[in-house]
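Please examine the sequence and the three-dimensional model shown here before reading on.

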Amino acid sequence: MKNGKKLIVANWKMHKTQTESLEFLNFFLNEIKKDHDREVILFPPFTSLGVISKHLYGTKVRLGAQNIHWDDYGSYTGSISGLMLGELDVKYVIVNHYERLRCEQNPYDKMTNLRLKAAQRHAITPILCVGETQEQRNADETEKIIDTQLSNALSDVDLNNLIIGYESIWAIGTGESCKPSEANRIIAWIRKQLGKKDIPIIYGGSVTHSNIKGIMAQPEINGVMVGSLSLDPTSLARIVNF
Ligand code: PEP
């Protein structure tokens, strides 16, 4: 991060009703250290954004959304726009998470690019997810794949308001995380490709209490995206307090 803080991105995916979200917050806000120096961002499902937004007012925890449509209004059943998110004090959005790509066609095509620009138009910082499958890694294609993902997504996107999430797809929700030194290497490579030293780049993929120390110690890694472990307030607080 530009302010030097490590990012903790908590992606709840399709978990937690509004009631469960508030229960989580009641525990979580009490368990994190008052003087922690992390940028903590919760990504609840859309249905909980309103209630969490009110609850987070006056705290250091920020709010993010799990997806964004590129238009502000329109006939797009089931979609949510940046205009709507901005009104809820959403400051970040995940774009192109692998679990969304499994539901949509043409990954990393023009729509990714449009989503990134829509977020920026509404002063929301997008987190662009990139990463390789196990087959691509085995074939030694990791850098080639990520390079294509980046160049397709980033045309005319403002690199000053962007976070990259390196999520090795084979590590998402599998319990098998990328070695910290390898994640560090790929992230250093991404930063070099983008030609921007201060762009925040985080790692995601089976982050746990056992590997968080090694990941956070890596000089190129600006934080983590946490999925499964972020659903439990005590587990997430341990990551923040680490
Ligand atoms: C994610 O959903 O982005 C993620 C990294 O999940 P998990 O921590 O469960 O691997």
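The model is predicted, with local features requiring pLDDT of at least 70 and side-chain atom pairs counting only at pLDDT 80 or more, while totals for chains, interfaces and linings use all residues. Residues are numbered from 1 along each chain as its sequence is written.

Eight strands close into a barrel in the order β1-β2-β3-β4-β5-β6-β7-β8, with parallel pairing. On average, neighbouring strands of this sheet are turned by 25° against each other, direction ignored. Strands (E, at least two residues) and helices (H or I, at least four) are DSSP runs numbered from the N terminus, and two strands pair if DSSP finds at least two bridges between them. Axes are lines fitted to C-alpha atoms, for helices over the stretch in contact, and angles run from 0 to 180 degrees between N-to-C directions.

Strand β3 (residues 62-65) pairs with strand β4 (residues 92-95) in the parallel sense over 2 bridges, and Gly64 has Tyr92 as its bridge partner in β4. Tyr92 also stands opposite Thr125 in β5, where 4 bridges join the parallel strands β4 and β5. Another 4 bridges join β5 to strand β6 (residues 163-167), again in parallel, and Ile163 in β6 is the bridge partner of Ile127. Helix α2 (residues 46-56) lies across β2 (38-43) and β3, running at about 170° to β3.

Strand β5 (residues 125-130) is mostly covered, with 5 of its 6 residues buried. A residue is buried if 20 or more other C-beta atoms lie within 10 Å of its own, exposed if 12 or fewer, and partly exposed in between, with C-beta atoms placed from the backbone.

The largest nonpolar core has 62 residues, and Val9 and Val93 have the most contacts inside it. Such a core is a set of buried Ala, Val, Leu, Ile, Met, Phe, Trp, Tyr and Cys residues joined through C-beta atoms within 7 Å. Not counting residues up to four places away in sequence, Val93 touches residues including Gly64, Leu85 and Ile127; contact requires C-beta atoms, placed from the backbone, within 7 Å.

The ligand is surrounded by 13 residues, the closest being Gly173, Gly204, Ser206, Gly227 and Ser228.

Lys144 lies in helix α7 (residues 142-153). Lys144 counts as exposed because it has 12 C-beta neighbours inside 10 Å.

Methods. Two residues are in contact if their C-beta atoms, placed from the backbone, lie within 7 Å. A residue is near a molecule or strand if its C-beta atom, placed from the backbone, lies within 6 Å of it.
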